[in-house]
Amino acid sequence: MTDADDKTPPTYLRLFHMLRHGVVASLVLGLLGGLLLPLYTDEVGWRLQERAWIDGIDKLYSDQCGPNTLTMPPFFMWPVRWYSGFFNLHFAQPYWVRISGVLYACLWLYLLLALIRRIARNRTERHMIAIIACTLIGLGCTPLLLVWSRPEQPIMLALTLTLLIASNAWQAPGNRFAPFTGIAYSTASTAPEIAWLRSLSIAALAMIALSYHFKALITMPVFAAAILMASRGPRALLPRAAALALLVAAALAAMHYWSARLACPLDPLINREFNRQNLGAQIANNATAGSGGLFNLVWSVLSNLRFDAYIDAAAPQVFPMSRWLVAGRVSADEMQGWRGGMTVIWALAGAAGLTAALAALWQQGRRKVLACDAAMALILLGVAAMWCASQFVRHDYEVSFELPLLILAIVMGLASPHGLDRLKRALPVLAMALGPLMILSLVLVAGLYGPPMVDALGSPAYLPQQPYSVPLLARERSNADILGAAGRCGLSPARPARNLLIDDVTYFTFMGSHTPQHYLGVLPLRTRGSIEDPLLYLDKRHSSGIVMGCHKLPEELRDRARRQGSFCCLAPPDW
């Protein structure tokens with residue numbers, strides 16, 4: 001089938017074309033609106049935890065967990081550490097972090113649309129799938145969550161680029177929009193040099209993903225399947241085998257590295273909290289409890305398979321997690337309305353994608369042909385299901401990992417050669433209905449959260465209504481007070497400092513210091529584990545001092561601190 005074979009009426013196709021452009025343009029504007037979103041503490045924290053290029057080692061918020069806390073990453077992770085360290089040091093402003101997050105989100109949207117363009121079978125399907133995918137991305141607060149500059153962003157970029165590379169092998173040569181002429185997929189053998197390039201490129205993308213976060217481990221089936229599907233023919237066996245061996249070795253090294261970093265043998269309180277959220281630890285604990293314990297664990301995992309929890313987290317909430325958005329902008333009834341409407345839309349799109357994938361696998365399987373896009377859809381769905389079921393504690397930022405996985409699965413399913421005429425007729429109608437709803441959602445969310453985000457730009461340092469968020473111009477407007485307070489204790493970014501206790505604002509000024517300590521790992525009772533005396537903890541580590549917002553210090557430390565403006569400092573002579 002080519003463009004000329006598309007039997008859609010011209011007027012209808014023009015309307016579809018206009019709606020697709022309107023939906024994509026609206027979504028891009030929604031992502032660009034994220035440039036106003038204050039920086040959440042986790043976005044600062046992940047820069048603090050992957051500092052091997054700066055410090056020579058990776059670390060956590062603090063280092064009371066033992067040798068696992070300060071550790072050397074595997075060799076293949078160093079390019080990512082060099083990349084992160086360079087941009088962190090040379091673009092040490094909160095607004096640069098937000099700009100990078102928005103650019104990554106827009107890049108992922110571009111790669112997703114490029115993938116749809118490649119695998120769709122005609123113009124109507126291309127428009128239809130793009131509208132449905134953009135609708136899912138643009139619902140509720142999802143665009144604002146997608147611009148968070150966290151490890152989920154590079155992982156999703158690596159996954160989507162991997163699917164683009166693999167789908168090259170599925171197309172009939174010279175057939176840009178319709179790879180399914182005569183038979184479902186191309187049967188041409190891949191040249192050895194192309195097979196090597198594709199296989200090693202996918203393995204390299206997998207290693208990049210593994211360098212950013214332990215959750216990349218759960219996506220390894222996608223990368224492995226992509227290596228197998230990216231080339232065909234006997235001459236491609238060696239490249240694929242070599243790339244798979246490289247992938248397995250990197251995954252095993254990453255598993256050892258990340259599991260060690262998330263263990264905390266020297267602090268039982270933090271170790272208990274890690275185990276509470278860690279499925280692997282609970283499996284090990286329940287294995288010693290006999291069959292009854294394992295049965296209870298299996299049941300709890302299966303009952304925890306709730307994709308709707310992420311959809312709920314993406315809807316406007318009365319009290320967003322840690323007030324990353326201003327609270328009270330919607331009522332409880334309005335929040336439930338948002339959640340219900342978004343769940344229905346996701347259910348319709350998900351059911352359509354799953355039905356199409358299963359039908360394609362059945363029909364092509366009868367011809368003894370593997371439906372690559374349909375198989376990849378089910379693998380992506382399986383990965384999303386595994387992560388969903390393994391999470392006993394869910395945070396709002398998991399939306400930016402789980403929902404994009406589901407979107408990729410739906411896209412791959414809808415693009416598969418399912419041959420269901422009723423579904424082919426229903427999907428364009430569904431897309432025509434959903435596109436305007438997404439645009440309306442963007443307008444409503446802008447009305448809810450746009451004014452507070454604009455107001456936050458004028459704040460010099462801290463946001464009373466968002467205690468765990470940083471104004472984007474915080475360092476620029478407060479740097480004189482930060483440097484003045486630090487100078488009263490003999491501290492300066494120009495002189496080396498070690499184990500300096502900082503917060504999310506002062507970190508950007510002292511990013512070049514050695515192994516800084518984050519206040520959330522040292523001061524608050526709930527997150528500092530077994531640290532009983534913060535000053536004694538810092539003194540044992542020969543800390544150069546404390547530079548942070550005065551209101552974040554305990555009262556007994558605040559009274560002894562030297563201050564300028566809203567910032568305080570303490571140095572060892574004052575301890």
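This section describes the confidence, the nonpolar cores, the aromatic pairs and selected residues of a predicted model.

Confidence across the predicted chain has a mean pLDDT of 89, with 91% of the residues at 70 or more. Among the elements of the chain, helix H7 has the highest confidence, at 98, whereas helix H13 (residues 279-287) has the lowest, at a mean of 54. Two stretches are set out here for their pLDDT. Over residues 1-5 the value stays under 50, and the model has nine contacts beyond four places in sequence for this stretch. Over residues 172-183 the value likewise stays under 50, and here the model has 32 contacts beyond four places in sequence.

The largest nonpolar core comprises 129 residues, of which Phe223 and Trp324 touch the most other members. Helix H18 (residues 399-414) supplies the largest share of this core, with 12 residues. A separate core of 26 residues lies apart from it and includes Ala461, Tyr462, Ala474 and Ile502. In soluble globular proteins, nonpolar side chains tend to be buried together. With neighbours within four places in sequence set aside, the contacts of Trp324 are Leu37, Tyr40, Cys141, Leu144, Leu145, Trp148, Asp396, Gln466 and Ser469. Arg323 belongs to the loop that runs between helix H15 (308-314) and helix H16 (332-366). The phi angle of Arg323 is near 55°, a positive value in a residue other than glycine. With a relative accessibility of 34%, Arg323 counts as partly exposed.

Aromatic pairs number 15 in the structure. One of them is formed by Tyr40 and Trp148, whose rings are stacked, with 4.8 Å from centre to centre and 25° between the planes. Because Tyr40 lies in strand E1 (residues 39-40) and Trp148 in the loop between H7 and H8, this pair ties together parts that are 108 residues apart in sequence. Tyr40 and Trp148 are both buried. Trp148 also pairs with Tyr397; the ring centres are 6.3 Å apart and the planes stand at 45°, so this pair is tilted. Tyr397, like Trp148, is buried. Elsewhere, ring pairs join Tyr83, Phe86, Phe87, Phe91, Tyr95 and Trp96 into a cluster.

The ring of Tyr397 is also faced by a charged residue: Arg150 lies over its face, at 3.8 Å from the ring centre. Arg150 is located in the loop between helix H7 (142-146) and helix H8 (152-167). Its relative accessibility is 5%, so Arg150 counts as buried, the cut-off for this class being under 20%. The side chain of Arg150 makes a polar contact of 3.1 Å with the side chain of Asp42. Not counting residues up to four places away in sequence, Arg150 touches Asp42, Glu43, Trp46, His213, Lys215 and Tyr397. Lys215, one of these residues, lies over the face of Phe401, at 5.1 Å from the ring centre.

Asp42, Glu43 and Trp46 are among the buried residues of H2. Because nine of the nine residues of helix H2 (residues 41-49) are buried, this helix is largely enclosed by the rest of the structure. The buried residues of H2 also include Thr41, Val44, Gly45, Arg47, Leu48 and Gln49.

Two further loop residues were examined. Leu473 is located in the loop between strand E2 (469-470) and helix H20 (474-487). Its C-alpha atom is separated by 9.2 Å from that of Pro38, although the two residues are 435 residues apart along the chain. Leaving aside neighbours within four places in sequence, Leu473 is in contact with Tyr95, Leu457 and Pro460. Of these, Tyr95 is a member of the aromatic cluster described above. Thr515 lies in the loop between helix H21 (506-509) and strand E4 (517-518). The phi angle of Thr515 is near 40°, a positive value in a residue other than glycine. At 5% relative accessibility, Thr515 counts as buried.

How values were computed: Residues numbered from 1 in each chain as written. Predicted model: local features only at pLDDT ≥ 70, side-chain atom pairs only at ≥ 80, totals over all residues. Heavy atoms only, no water. Helix = DSSP H or I, 4+ residues; strand = E, 2+ residues; numbered from the N terminus. Buried < 20%, exposed > 50% of the residue type's maximum accessible area, 1.4 Å probe, protein only. Polar contact = N/O pair within 3.5 Å; in protein donor to acceptor, adjacent residues only side chain to side chain. Contact = heavy atoms within 4.5 Å. Core = buried A, V, L, I, M, F, W, Y, C linked by side-chain atoms within 4.5 Å. Phe/Tyr/Trp six-rings, centres within 6.5 Å; stacked < 30°, edge-to-face > 60°. Lys NZ or Arg CZ within 6 Å of the ring centre and 35° of its normal. pLDDT = per-residue confidence, 0-100.
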